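Here are some notes from going through the model, as numbered points. Have the structure open while you read.

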There are 2 protein chains.
Amino acid sequence: MKRVKAKVSYDGTDYAGYQSQPNMRTVQSVIDKALVKLHKDKTVYSVASGRTDAGVHAFGQVIHFDTPLDLPPDRWRMALNVLLPKDVRIVEVEFVDEEFHARYSATGKTYMYKWSSSEIQSPFERNYAVHLGKWKPDIERMREAAQYFIGTHDFTSFCSSKTATANKVRTVRELTLVEQGEELIMTIEGDGFLYNMVRTIAGMLFAVGIGWNEPLDMKEMLEAKDRKKVGKTAPAHGLYLMNVTYNH
Amino acid sequence: MKRVKAKVSYDGTDYAGYQSQPNMRTVQSVIDKALVKLHKDKTVYSVASGRTDAGVHAFGQVIHFDTPLDLPPDRWRMALNVLLPKDVRIVEVEFVDEEFHARYSATGKTYMYKWSSSEIQSPFERNYAVHLGKWKPDIERMREAAQYFIGTHDFTSFCSSKTATANKVRTVRELTLVEQGEELIMTIEGDGFLYNMVRTIAGMLFAVGIGWNEPLDMKEMLEAKDRKKVGKTAPAHGLYLMNVTYNH
C-alpha cells in the first residue's frame, strides 16, 4: 500500500460542504466516488485536513488516501481529474510515508476572506466575494482590531457554539487586511482553526470597520470566552482555504 | 410613456441563452418577469441589442423598454436588481427618446473572448474561460491572422450556416490579442456581428495559433464565402458581450 497526498482546489458553490453526508453532494463524496472508480469498485476513503462548510471554496485543501495501485504522481492527478466534476480539481499529488495524516500532521492553515466594494455586485463575483454594498468599512480600524487576535488565545467566543473540540486555544500567527482594486482581502494563518472561527473573526472585523464595535472590544470578547458576546458570522461564500502546511 | 435604456451584466452559465424560449430559463425571460412584476402584472417586453447563446456572458448588454411608471434612473436600477436573480444585474439606467432602439440604433459592439493557459484548469474559471490545456498557441501567428478580418468583408464563411440575415457584409474595426498573466484575451469591435461570427473567428485564430492553419488561410476562407471551408466554432463560455455603442 502506498499513501498518496493530494492538494485539492474546489468551487464550493454547488456543494453541501466538504464532508460526506447521506444524500448530499459534498466535495468528499465526489472525490471518494472517483477513487472507488479508479480502484474498480473497491472502497477507498480519503481523509482531509478538515471540513469546510457549504459554499466555502478552496485553493489548497489537502487530502490523503491509501492505495495498492502503482501510478506515478502525475498520472494520479490526471486520472482523478478525468473522473472528477470540473468544480473540483486535483492540483498536486505526491507520495508520503504512512505516518503522514492530512488532518493530524497539519501544522498550520491559511484562509482568505474576500469582500467586494464594487458599486453594483458583479454577476461574476456573487458566489466568490461578499458584497459590501452601501458599507464602507474603515480598513485602519479593522487592522487595529486584527492585532488582538494575533498570538495564542482561547477562541471560545469566536467559534460556533456547536464546536465539539474541548481545547479552544489556538495560535494566530498572521492576520492581514489588504485592498486590491475593489476587493478587500483578509488573510489569516495559524496552527489550526475552530468551527466557524475564521468567519466569526471576519464578521467582527467588518463590524469594527463599519463602527458597530470598537477595536478594543475584540480583546474583551476574547477574554469573555462566551460566543453570545460576539456578533454575526460572515457569509460562507467569501471564505477560501488557501493552504495547509506540514512538517514533512 | 417613457423609454428606458438599461445596461445589463450577466453570468450566462445557468441560462439557455439571452432570448426568451418556452419553458427555458433565459436572461430575457427573467428580465421581463421582473418588469411585469414592477408593472403590477401588466405585460412589458424588453428589447435587447441582440441575443447571446447559452453560456455566453455579458458585461454590457443593452436593452430598452417603455413604461408609464415615473421613477428616477437610480430607482429603476435598484428596483429591478431587487427582483432579478443575482447572476443578472442592471448596471446603468437612463431615459432615452422614443427613437432610440436597443437593436436598430446600435452603431457598434465589442466582444471579448478569453482563453486560459493555466496548467490545470481552475475550478473558478471553468465557466469563464476556455482552457488551453496542452495547447500553446503562437500569439504572433494569431495576430498576423487577425489582420485579415479587419475592415469590411463578407463574413459568410465566418458565421453559422443557420444565419438568417441576407446581408453578411460587416466591418471589423479592431481585433486585438493580449496576454494577461495566464489569460489570452481577444477583443473584437465592429459595426455588428452575425450569428456565431465572433466564436468562429476565435476558433480559427486558435487553429492558426496551434499550426492547423496558416494566417493567409483566413484571407482565402473569407473570399470563399463558404462556411464549410472553415473549422470549428470556439466554445460559448469564453465569450463576453462587453459594450454596445449608439450615436445618441
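**Notes on the model**

1. Let's begin with A:Pro85, which sits in the loop between α2 and β4 (88-96) of chain A. Keep in mind that this is a predicted model.

2. Helix α1 (residues 27-38) of chain A packs with helix α2 (residues 73-83) of chain A at an angle of about 115 degrees, and their axes are 9 Å apart. Angles of 65 to 115 degrees count as roughly perpendicular, so that is the label for α1(A) and α2(A). Their crossing is right-handed.

3. Which residues make that contact in chain A? On the α1(A) side they are A:Ala34, A:Leu35, A:Lys37 and A:Leu38, and these meet A:Trp76, A:Ala79, A:Leu80 and A:Leu83 in α2(A). By type, the residues of this contact divide into seven nonpolar, no polar and one charged.

4. Now for chain B. Helix α1 (residues 27-38) of chain B and helix α2 (residues 73-83) of chain B have axes that come within 9 Å and cross at roughly 115 degrees. That makes α1(B) and α2(B) roughly perpendicular to each other. The crossing of α1(B) and α2(B) is right-handed. From α1(B), the contact takes in B:Ala34, B:Leu35, B:Lys37 and B:Leu38, and from α2(B) it takes in B:Trp76, B:Ala79, B:Leu80 and B:Leu83. Sorted by type, the contact of α1(B) with α2(B) has seven nonpolar residues, no polar ones and one charged.

5. One for the annotation-minded: which residue does UniProt list for "active site"? The unreviewed entry gives A:Asp53, and the annotation may be inferred rather than shown by experiment. In the model, A:Asp53 is placed in the loop between β2 (47-48) and β3 (57-67) of chain A.

6. And what does A:Asp53 touch? Not counting residues up to four places away in sequence, its contacts are A:Gly17, A:Tyr195, A:Asn196 and A:Arg199.

Notes
Residues are numbered from 1 along each chain as its sequence is written. Chains are lettered from A and ligands numbered from 1 in the order in which they are written. This is a predicted model: local features need pLDDT of at least 70, side-chain atom pairs count only at pLDDT 80 or more; totals for chains, interfaces and linings use all residues. Side-chain values use heavy atoms; hydrogens and water are left out. Axes are lines fitted to C-alpha atoms, for helices over the stretch in contact, and angles run from 0 to 180 degrees between N-to-C directions. Helices (H or I, at least four residues) and strands (E, at least two) are DSSP runs, numbered from the N terminus. Angles under 35 degrees count as roughly parallel, over 145 as roughly antiparallel, 65 to 115 as roughly perpendicular and the rest as oblique. A crossing is left-handed if the near helix is turned anticlockwise from the far one by less than a right angle, and right-handed if clockwise. Contact means heavy atoms within 4.5 Å. Ala, Val, Leu, Ile, Met, Phe, Trp, Tyr, Cys and Pro count as nonpolar, Asp, Glu, Lys and Arg as charged, and the others, Gly among them, as polar.
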